[in-house]
Structures are given as C-alpha cells and as structure tokens.
Amino acid sequence: MDVRINLLLNKRHTRLYPELNVNSEVKTYRKKRTGEKERTSHWSDNSYEIERMGKSFGQTYYKLKGLDKQYLRHELMKL
C-alpha cells in the first residue's frame with residue numbers, strides 16, 4: 001500500500017496535446033491486426049471532422065462525423 005501511495009503522489013502528467021475544437025480534422029487510433037507489419041501506421045487512413053464535444057464524469061468525449069463511437073483525446077491525432 002505504501003508503494004502505491006508513493007507512486008500516485010509522484011506521478012507526472014507531462015504529455016501535452018494540441019487543443020481540439022469542433023470542425024478540427026483528426027485521425028483515429030486503431031490497433032494493429034494479427035500479422036500486420038510493424039511499419040504500418042497506428043492511425044486510420046481516413047480523416048474525420050469533429051462534430052461535437054461533450055463532458056461526462058470529468059472526461060471530454062469527441063463525436064466524429066460519420067462514426068457512431070465517441071472518442072477520448074488520446075485516441076485522436078490532430079491534422
């Protein structure tokens with residue numbers, strides 16, 4: 001328990017993401033399929049536009065035009 005408390009107290013949040021707004025162009029993160037080469041991209045081939053943004057439980061969710069799923073910020077790459 002002491003180790004966990006020390007880790008939580010000393011953790012760092014240093015990753016900075018560019019700000020996203022409605023109508024920003026983004027690509028979505030995708031997992032590689034079995035047998036896919038290492039050099040293929042983790043990001044989708046298509047680009048999407050952010051339709052709307054919403055907050056729920058302290059998280060910001062992004063709805064993309066043409067997709068049903070809502071995405072978190074770390075799953076999107078700004079173009």
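**Nonpolar core and overall form of the predicted chain**

The largest nonpolar core comprises 9 residues, namely L20, V26, Y48, I50, Y62, L64, L67, Y71 and L76. Such a core is a set of buried Ala, Val, Leu, Ile, Met, Phe, Trp, Tyr and Cys residues joined through side-chain atoms within 4.5 Å, where buried denotes under 20% relative accessible area, exposed over 50%, and partly exposed the range in between (1.4 Å probe, protein chains only). At least two residues of this core are supplied by each of β2 (48-56) and β3 (59-64). The model is predicted, and local features require pLDDT of at least 70, side-chain atom pairs count only at pLDDT 80 or more, and totals for chains, interfaces and linings use all residues. Residues are numbered from 1 along each chain as its sequence is written, and side-chain values use heavy atoms, with hydrogens and water left out.

When neighbours within four places in sequence are set aside, V26 touches L20, N46, S47, Y48, I50, L64, L76, M77, K78 and L79.

The chain contains 1 helix and 5 strands, taken as DSSP runs numbered from the N terminus (helices H or I, at least four residues; strands E, at least two). Their order from the N terminus is α-β-β-β-β-β. Among contacts in the chain with a separation of 6 or more, 43% join residues 24 or more positions apart.

The radius of gyration of the chain is 16 Å, whereas a compact globule of 79 residues would have a value near 12 Å; the radius is taken over C-alpha atoms, and the globule rule is 2.2 Å times the number of residues to the power 0.38. The C-alpha trace spans about 45 × 35 × 20 Å along its principal axes. Of the 79 residues, 19% count as buried.

K31 is located in the loop between β1 (25-28) and β2 and is exposed, because its relative accessible area is 69%. Although K31 and K55 are 24 residues apart along the chain, a distance of 25 Å separates their C-alpha atoms. D68 occupies the loop between β3 and β4 (70-71); its relative accessibility is 76%, and D68 therefore counts as exposed. Between D68 and E49, 19 residues apart in sequence, the C-alpha to C-alpha distance is 13 Å.

Note on methods: Contact means heavy atoms within 4.5 Å.
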